[in-house]
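Please examine the sequence and the model before reading each solution.

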Amino acid sequence: MLPLKLRKANPSDHNLIFKTWLRSYAGSAFANDIDASIYFSEHNELIKKVLFKVDVFCAVSEEDETQVIGWMACEFNGIDILHYMAVKKLYWRMGVGRMLIQELKPSFVYTHKTELFDKSFAGKNMYNPYLFYRRALCE
């Protein structure tokens, strides 16, 4: 495990978080059949609405807290909800995702399905994308 620590995201992290969420999910099975201009326009708006309503944690270097290695957007509302998580590719398979996931209860709900997430963490956790849409559109 790298010498990392967890901290809450701050405004200087938002651009990185927003861009990685939008770009990395563009390669998901969900987005594959959607025209890129539609996906980027529409999912962009949904992420904007959700990002500032939820908790966002960053895994950062212990030596330099501005160096974000990975992050997750989640909620703790009776059930733990993971909206999205990303780790820089250079740091895959080094325990960063597991470090982030440990902030959630052992059984949680996730709202964005990706092949990599399914291989690593899906297991006993429930996929429910409607919680993301409800958060973006109704609250």
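**Exercise 1.** With which residue does Glu75 form a salt bridge?

*Solution.* The model is predicted, so local features need pLDDT of at least 70 and side-chain atom pairs count only at pLDDT 80 or more, while totals for chains, interfaces and linings use all residues. Residues are numbered from 1 along each chain as its sequence is written, and side-chain values use heavy atoms, with hydrogens and water left out. A salt bridge requires a side-chain nitrogen of Lys or Arg within 4 Å of a carboxyl oxygen of Asp or Glu. Glu75 forms one with Arg135, the closest N and O atoms being 2.9 Å apart. This pair links distant parts of the chain, as Glu75 lies in strand E3 and Arg135 in helix H6 (residues 130-137), 60 residues apart. Here helices (H or I, at least four residues) and strands (E, at least two) are DSSP runs, numbered from the N terminus.

**Exercise 2.** Is Glu75 buried or exposed?

*Solution.* Buried means under 20% relative accessible area, exposed over 50%, and partly exposed in between (1.4 Å probe, protein chains only). Glu75 has 5% relative accessibility and therefore counts as buried. Arg135, at 16%, is also buried.

**Exercise 3.** Where do Lys48 and Glu45 lie?

*Solution.* Both belong to helix H3 (residues 36-51), 3 residues apart, about one turn of the helix. Lys48 is partly exposed at 41% relative accessibility, and Glu45 is partly exposed at 36%.
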